[in-house]
Amino acid sequence: MEKRYNPEAVERKWQEFWEREKLFKVEVDRSLQKYYVLEMFPYPSGSLHMGHVRNYCIGDVVARFKMMRGYNVIHPMGWDAFGMPAENAAIKHGVHPAVWTMRNIREMRRQLKRLGYSYDWDRELATCHPEYYRWEQWLFLRMMEKGLVYRKKSIVNYCEPCRTVLANEQVEAGACWRCGTSVVQREQEGWFFKITQYAQELLDWCDKLTGWPERVLTMQRNWIGRSEGARILFPLGNGDSAIEVFTTRPDTLYGATFMSLAPEHPLCLELSRGTSQEESVRDFVNRVLTQDWDARTGEEAEKEGVFTGAYCVNPLTGRKMPIWVANFVLYDYGTGAVMAVPAHDQRDFEFAKKYGLDIVVVIQPDGEKLSPETMTEAYVEQGILVNSGEFDGTGNAEAMKAISEKLAAERKGGPTVNYRIRDWGISRQRYWGAPIPIVHCPDCGAVPTPDEDLPVVLPTDIEFPQSGRSPLPDLDWWVNVPCPRCKKPARRETDTMDTFVESSWYFDRYACPRYDKGIIDKEAVGYWLPVDQYIGGIEHAILHLLYSRFFTKVLRDLKIKESDEPFTNLLTQGMVIKDGAKMSKSKGNVVDPEELVGRYGADTVRLFCLFASPPERDLDWTAEGVEGAYRFLNRVWNLVQQHKDRKIAPDEGSYSERARAIRRVTHRTIKRVSEDIENRFHFNTAIAAVMEMTNELMKVTSQEADQAPDVAEALMEALRIVAALLSPFVPHIAEELWEALGGDPGMVRIPWPVFDPAFLTEDEILIVVQVNGKKRGEIRAPVDAAEDLVRETALAEPNVRKYVEGKTLRKAVYVPGRILNLVVG
RNA sequence: GCCUGAGUGGUGGAAUAGGUAGACACAAGGGACUUAAAAUCCCUUGGGGCAUGUCCCCGUACCGGUUCGACUCCGGUCUCAGGCACCA
């Protein structure tokens with residue numbers, strides 16, 4: 001151990017030691033309890049940012065702590081290596097996406113290693129590797145066989161700058177999740193995963209994911225958007241077809257006076273054809289569909305519509321209802337058609353007022369009489385049915401059920417459940433992604449690539465076009481293949497898969513990254529999965545976390561995996577903030593982890609990330625705070641330096657009060673740190689506890705330790721404990737201190753310290769004395785003092801007596817060992 | 001508008017089961033060491049008061065309630081952040 005703390009030397013020494021000893025390599029061992037800790041793998045953008053560092057520091061503490069607790073800990077790392085930045089770099093710098101990606105992985109791996117994380121690097125994987133996506137293609141084909149993959153033409157979200165289609169989950173407030181540009185609607189054919197088939201299960205399991213933050217579950221529940229109601233068929237004028245609607249208010253059916261269709265609905269043009277309305281409908285539909293998202297859905301967007309010229313019939317009243325096209329009806333939700341009940345729906349009310357459509361009140365509030373002429377807004381609350389035939393006088397809650405049942409009995413609809421979630425569109429018109437293993441044959445249609453031909457390797461021997469267009473469709477040698485079924489000339493699918501597909505199952509593959517007999521080794525996955533602790537940013541609350549849950553359920557139903565859910569516990573860490581804003585290049589407030597590690601060492605960076613705030617909150621980056629972390633490490637270093645060569649006298653068996661006090665603080669700290677890590681992941685308070693302990697130990701002078709062997713012994717024990725308790729947070733310096741204090745290297749192999757309750761007990765404790773709830777003094781009393789004695793001692797306190805004297809003691813509340821409250825009056 | 005969080009010193013944050021509010025750290029101020037500076041160490045540090053104390057009053061966004069006792073529980077209000085947002 002050098003005299004002065006030199007992080008660079010210490011860190012190099014221990015990183016080499018860990019690597020040489022293969023300290024973090026793990027294998028399946030059924031005699032040991034497994035623990036799977038995982039941080040969301042990074043996109044290899046080229047450099048690590050503070051968000052990554054924070055994420056991985058949190059995971060590393062958990063991993064190292066669990067290792068010391070004796071678990072067989074798997075802690076893997078890899079690369080979410082497909083994606084558009086690689087293509088953008090190709091356009092900008094003329095580098096091949098594969099070359100760019102590999103170079104970035106190399107660089108980021110080096111940066112990660114420099115931070116000393118406890119990864120089992122033998123399990124590293126990159127999703128752009130054919131041996132990875134090969135199994136993804138294989139799974140695609142199994143899902144296809146199960147009917148979980150299908151192809152359809154639909155209106156999709158298209159991002160112009162990214163030149164590709166986006167899934168609903170990837171559109172945030174009408175804009176592309178990646179580049180922020182408003183998406184446009186486009187009709188396009190593509191591949192879909194049938195996530196809707198699992199909507200109910202995904203929702204139900206939200207209640208069982210007790211280890212997940214409530215807000216993530218809420219976001220998922222909202223996204224799935226289950227609502228109960230009824231489907232109702234409204235026959236068209238011609239009598240042989242009908243418009244189906246979904247409504248949550250079947251109780252208001254008698255008040256449905258017209259019908260509204262989404263502009264995207266094919267019936268709009270169909271129904272108006274040949275009527276006098278044909279032209280205005282076409283104009284209206286064209287106008288709305290070419291509007292951008294903001295103009296259509298923004299606050300100031302007005303509700304407008306056009307009559308189609310056609311009518312349908314209210315199935316219960318027989319009323320002839322005009323069919324309108326309305327800009328506020330969503331094609332994506334329900335059936336894209338809405339029965340309009342202007343008296344009891346605010347949008348329908350405004351629409352009816354604007355266009356002079358009929359308003360019929362069918363729900364009357366208690367003790368009030370609504371009439372269409374005097375209403376200024378829709379009545380949406382509870383009430384009693386009127387104008388509703390046989391249902392008049394029924395409460396509307398009851399009527400919902402009754403009317404649904406009547407519809408079902410008459411085959412005009414019936415109760416149903418509707419979900420907001422749509423199927424996951426996975427086709428991307430991009431190059432740098434996993435090829436979809438399909439061949440399009442003019443005769444046989446979309447034909448799966450046979451398993452034995454997998455992987456369908458993404459050709460890398462290409463010139464990447466400056467236009468940004470995917471080179472795949474122009475790659476004749478690759479595209480033109482015989483149909484696997486009829487052998488006639490056919491064309492390969494040139495869309496690639498959404499990169500969220502790769503990240504939906506990578507955690508399974510970590511259990512057996514080199515397995516080549518199947519997608520996963522059931523044995524290994526059965527042992528390691530599910531992930532016990534998953535850690536990452538909240539930004540994936542819906543996207544990645546929902547898709548991964550879906551994949552786990554699919555794999556389970558394919559009998560490949562046993563778990564119902566991928567992640568038992570989820571921790572969503574906050575952002576890294578500097579000067580009040582998220583770190584970003586445009587704000588110019590980014591801090592480069594590399595530079596910091598160079599200046600202070602990895603341990604200081606790690607310590608600051610963990611100490612500045614609890615993981616789920618945002619972390620405010622300050623240069624002064626980093627300095628503080630560095631100072632603390634130096635203090636600990638110097639403290640150990642001061643005492644390390646101290647010889648410990650043999651145990652005398654009796655301890656002075658001084659030695660007992662050192663033991664007490666030591667064991668109290670073990671307790672605090674253990675509980676803070678184990679129960680709450682509150683590393684900031686865990687570190688604070690060690691700081692307090694260190695502050696206490698610094699008060700022990702060398703002279704004092706020289707003279708009292710029992711103090712020296714307690715002090716040496718304490719210093720070893722400090723090193724042990726710090727080791728998950730700042731592993732390099734901890735190893736160095738531990739070694740200097742005579743410990744064996746490789747601290748993740750030593751057991752985590754256990755506190756001895758016997759050392760925590762004190763003979764005398766501090767009891768706060770309150771009079772009428774206000775603190776008036778404190779007294780010392782034996783730990784097991786009876787209430788009477790405590791009360792007597794308290795009353796003897798001058799300051800307490802001042803408030804009690806001359807008054808009657810009405811009540812005394814004594815919380816043993818804590819507080820005595822005297823109520824006087 | 002709806003949902004979910006969160007509001008505590010100059011700052012980041014602590015108070016785990018209702019029991020001393022402000023642990024730990026940063027910043028600031030003062031002191032020691034030094035020719036000097038840096039580094040290090042020590043002291044002070046929520047606001048106010050005076051009688052300077054084991055002192056008093058106020059104080060955890062705001063108003064009210066429960067309780068011997070509330071940052072903590074309950075009701076209401078406000079603000080901020082995030083998510084969803086014409087969802088029929």
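Predicted model: local features only at pLDDT ≥ 70, side-chain atom pairs only at ≥ 80, totals over all residues.
**Entry 1: helices α2 and α19.** I looked up how helix α2 (residues 50-68) lies against helix α19 (residues 602-611). Their axes come within 9 Å and cross at roughly 90 degrees. Angles from 65 to 115 degrees count as roughly perpendicular, and α2 and α19 are therefore roughly perpendicular to each other. I then listed the residues that meet. On the α2 side they are M50, V53, R54, C57, I58, D60, V61 and R64, and on the α19 side V605, R606, C609 and L610. Sorted by class, this contact has eight nonpolar and four charged residues, with no polar ones.

**Entry 2: N55.** I stayed in helix α2, where N55 is found. Is N55 buried or exposed? Its relative accessible area is 6%. Under 20% counts as buried, so N55 is buried. A polar atom of the N55 side chain lies 3.3 Å from the backbone oxygen of I535. Leaving aside neighbours within four places in sequence, I found N55 in contact with E39, M40, I535, G536 and Q573.

**Entry 3: RNA strand B.** I counted 56 residues around RNA strand B, the closest being T248, K303, Y333, R347 and N821. A backbone N or O atom of T248 lies 2.5 Å from one, a side-chain N or O atom of R347 lies 2.4 Å from one, and a polar backbone atom of F328 is 3.3 Å from one.

Technical notes. Residues numbered from 1 in each chain as written. Chains lettered and ligands numbered in written order. Heavy atoms only, no water. Axes fitted to C-alpha atoms, helices over the stretch in contact; angles between N-to-C directions. Helix = DSSP H or I, 4+ residues; strand = E, 2+ residues; numbered from the N terminus. Parallel < 35°, antiparallel > 145°, perpendicular 65-115°, else oblique. Contact = heavy atoms within 4.5 Å. Nonpolar A, V, L, I, M, F, W, Y, C, P; charged D, E, K, R; others polar. Buried < 20%, exposed > 50% of the residue type's maximum accessible area, 1.4 Å probe, protein only. Polar contact = N/O pair within 3.5 Å; in protein donor to acceptor, adjacent residues only side chain to side chain. Near = heavy atom within 4 Å.
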